[in-house]
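Here are a few notes to read alongside the model. Have a look at it, then go through the points in order.

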Amino acid sequence: MLVLLAAIFLLHIACICLLLAATIHNAWWMTDSMSTDIWSRWILIGGNWNYTEIPAHYPKEYLQAVQASSVLACIFCILGLFVFVAQLYTLPKGKRFLFTGAFQLLAWLCIMIAASIYTDIFHKDKEQGWYGASFILAWISVCLTFISCITYFVLRKKTA
Amino acid sequence: MLSVLALTSVVLLGIASQITAIVVYTSWERHALVGSDVRLSCSFFSWQWTSPDVTFSWQYRPDGAKEGISIFHYGGGAAYVDNKGPFRDRLEFVGNPSRRDGSILIKNLDFSDNGTFTCDAKNPPDIVGRPSSVRLLVFEKVPVQAGVVTGAIIGVVLGLLILIVAIYYLMRFLVARRVFSLSMSKHGKKGKGKEGSQQKQAGPLK
């Protein structure tokens, strides 16, 4: 029982870590000398990485949507962790962790919106480069938050 | 004991006023629309009392120029504004020197007013200090700062969520208090068991 609890807790923490890494690290799209999105662009000039602005031709509204929804996903996931701990103590026996599941559902929705918009809108013209670590982490978080959400909706509290 | 403390603090203050210099404060950057007025504020911090010989000087250096020109001076109780340079008839002193405020008002801005304004304040005998600069940017249309829209989206979504949760709990509270007789009160709530005693029927458990 305790092992299951620890596993679920660890899954939630893993979600938070992946979400934070995907949101904060500017590496959604990379080339040999550039690591970019969603906040700024790092360009390798003469052996040094320089911090520059995202170019103006990026569709502004979509970029702001990706930024806002990835930050919201982080917020909901972190709040969900606290709600989970609170519900561990206050939930009566036999009830489900619905409130926590709701937060994880919102986090899943937000990060899915962010990852989908980014995949569909940005870097569509066959430019050189590849999807970076943050992009991959964002999609992995989509899966993990979904699994976490389903777990909370199904799990019942066994001991009082 | 208290007198020793007071004496020590007075001595330290006396020493400090010799060591620390005057510190001049202005904004870092000001954005303004063409044709509007902008108030450039300047204040200072000094350990000495505000002297009647306090002076404020403003200098203007256009973008790309190497040298600046003097456009304003307050000294000896009188303010002298620019009457020959680019700001003649457009500059006004709106500060209060006795309150350590040396702000100026520039009216009817133009694109040629882009540049750096430097304020230098002196409070005799405290005269050692660095002047402070404020950059003026004149726009046709004031741009939205980076991140404001993103922050607004986040704030609105969180606010809506809090509102929805608050309304939900309010409705539950009101239904439980028999203020409303909604159809919601007929099925049981899968709640945390707080108002469970009010429901007569068992809730549907999946």
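1. Start with A:Thr151, which sits in helix H4 of chain A; helices here are DSSP runs of H or I with at least four residues, numbered from the N terminus. At 23% relative accessibility, A:Thr151 counts as partly exposed, because that class lies between buried (under 20% relative accessible area) and exposed (over 50%), with a 1.4 Å probe and protein chains only. Its C-alpha atom is 7.8 Å from that of A:Gly101, 50 residues away along the chain.

2. A word on the basis. This is a predicted model, where local features need pLDDT of at least 70 and side-chain atom pairs count only at pLDDT 80 or more. Residues are numbered from 1 along each chain as its sequence is written.

3. How do H1 and H2 of chain A cross? The axes of H1 (residues 2-24) and H2 (residues 60-90) come within 9 Å and cross at roughly 160°, the axes being lines fitted to C-alpha atoms over the stretch in contact, with angles from 0 to 180 degrees between N-to-C directions. That makes H1(A) roughly antiparallel to H2(A), a label for angles over 145 degrees.

Methods: Chains lettered and ligands numbered in written order. Heavy atoms only, no water. Helix = DSSP H or I, 4+ residues; strand = E, 2+ residues; numbered from the N terminus. Parallel < 35°, antiparallel > 145°, perpendicular 65-115°, else oblique.
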